[in-house]
Amino acid sequence: MKAVVLDTDDRYRVTELDEPVPGPGQVAIRVAYAGIQWGDTMVRDGHFAVPRPFVPGFEASGHVVAVGAGVDAGRVGAPVTALTASGACAEVVLAAAPLTFDIGGMPLRTAAGLGWGAPTAYDLITTAARVRPGETVLIHAAAGSVGTLAAQFARLAGAGRIVGVVGTADRAGYAARFGYDRLLLREEFPAKLGDEKPDVILDPVGGPTRAAGLEQLAAHGRLVAYGNLATYEPVRADTNDLLMHGKSLLTYNSNLLSRTHPERLADSARRALGLVADGKVRVDITAEYALGDLALAVQRLAEGTTLGKSVLRVA
């Protein structure tokens with residue numbers, strides 16, 4: 001089969017590999033599309049320690065072609081989307097059966113766009129932050145895959161006001177399509193908020209942005225940290241100060257959740273998928289790349305020029 005390999009010299013190459021065989025609890029998927037996500041940049045840059053050569057790709061859509069022991073053979077032939085540990089940038093990928101989801105009549109291209117971003121955004125709003133009707137939600141990286149989905153989930157949860165933070169005016173124009181009430185440029189946060197105090201802040205940025213967010217939170221507000229786009233430097237919080245104002249600093253890690261409580265992640269993925277299938281939430285795929293262009297796709301994501309979701313066309 002054809003596959004993209006991230007080699008020991010940090011270069012992506014299209015090569016021929018043997019097709020993998022599913023083990024117990026696994027399915028093999030003939031890949032139509034692979035989703036591109038932030039984890040791909042982290043693997044490339046060495047923030048995830050993986051043995052190389054490595055077949056990248058953590059999100060796939062396609063058709064089940066084989067199943068391992070303990071998996072219903074009736075799944076063979078089903079169109080699915082899957083969260084994978086690796087290997088989606090290949091013609092065949094293995095995925096855990098519980099994290100492989102039937103998509104019915106949903107287009108395979110759209111299904112690949114859900115990826116890890118859809119359950120992450122759903123959980124950030126409904127499970128971690130527990131957004132309540134009427135609350136103000138502020139979302140950093142508002143024009144990205146998670147941000148555009150989180151804004152829609154927040155509206156469905158009854159948020160009264162949704163504020164987005166983006167890097168450029170072009171990204172603000174794009175994010176405005178997803179229901180934000182107000183958009184700020186990154187350098188305007190938090191000064192341009194004025195006296196506005198968000199009840200919920202979703203923060204994948206870290207560093208000074210995280211520290212400023214904790215200061216800006218309303219009483220009883222919740223800041224959910226789920227990444228470190230800007231820096232891995234630790235952010236220290238005074239728990240006594242948080243206690244006095246009823247503020248909470250929470251974290252969310254979907255990768256960890258997939259290993260400790262995969263059933264929870266699977267439930268959120270199915271709920272998010274259902275909302276997309278019903279037309280209540282929109283996945284916006286703005287770029288499609290050929291198998292040999294993965295390096296370009298990952299570089300554009302790392303540079304912050306990607307809007308919404310990108311996918312890799314495999315089949």
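Six strands form an open sheet in the order β10-β9-β8-β11-β12-β13, with parallel pairing. Strands here are DSSP runs of E with at least two residues, numbered from the N terminus. Two strands count as paired if DSSP finds at least two bridges between them. Strands of a sheet pair through backbone hydrogen bonds, either parallel or antiparallel. The edges of this sheet are β10 (182-185) and β13 (248-251). Each has a single partner strand, so one side of each is left without a neighbour in the sheet. Neighbouring strands are turned by 20 degrees against each other on average, direction ignored. For such angles, axes are lines fitted to C-alpha atoms, and angles run from 0 to 180 degrees between N-to-C directions.

The model is predicted: local features need pLDDT of at least 70 and side-chain atom pairs pLDDT 80 or more, while totals for chains, interfaces and linings use all residues. Residues are numbered from 1 along each chain as its sequence is written, and side-chain values use heavy atoms, without hydrogens and water.

Within the sheet, strand β11 (residues 200-203) pairs with strand β12 (residues 222-225) in the parallel sense, over four bridges. V200 has R222 in β12 as its bridge partner.

Salt bridges were searched for across the whole structure, and 19 were found. A salt bridge is a side-chain nitrogen of Lys or Arg within 4 Å of a carboxyl oxygen of Asp or Glu. Side chains of opposite charge can pair when their charged atoms come close.

Accessibility was classed by relative accessible area: buried is under 20%, exposed is over 50%, and partly exposed lies in between (1.4 Å probe, protein chains only). D203 is buried at 0%. R210 is also buried, at 9%.

R313 and E288 form another salt bridge, at 2.7 Å from N to O. This pair links distant parts of the chain, 25 residues apart. R313 lies in strand β15 (residues 309-313), and E288 lies in strand β14 (residues 285-290). Both are partly exposed: R313 has a relative accessible area of 35%, and E288 one of 30%. Elsewhere, salt bridges that share partners join D7, D9 and R13 into one network.

K2 and E16 meet in a salt bridge of 3.7 Å, N to O. K2 belongs to strand β1 (residues 2-6) and E16 to strand β2 (residues 12-16), 14 residues apart. K2 is partly exposed at 40%, whereas E16 is exposed at 52%.
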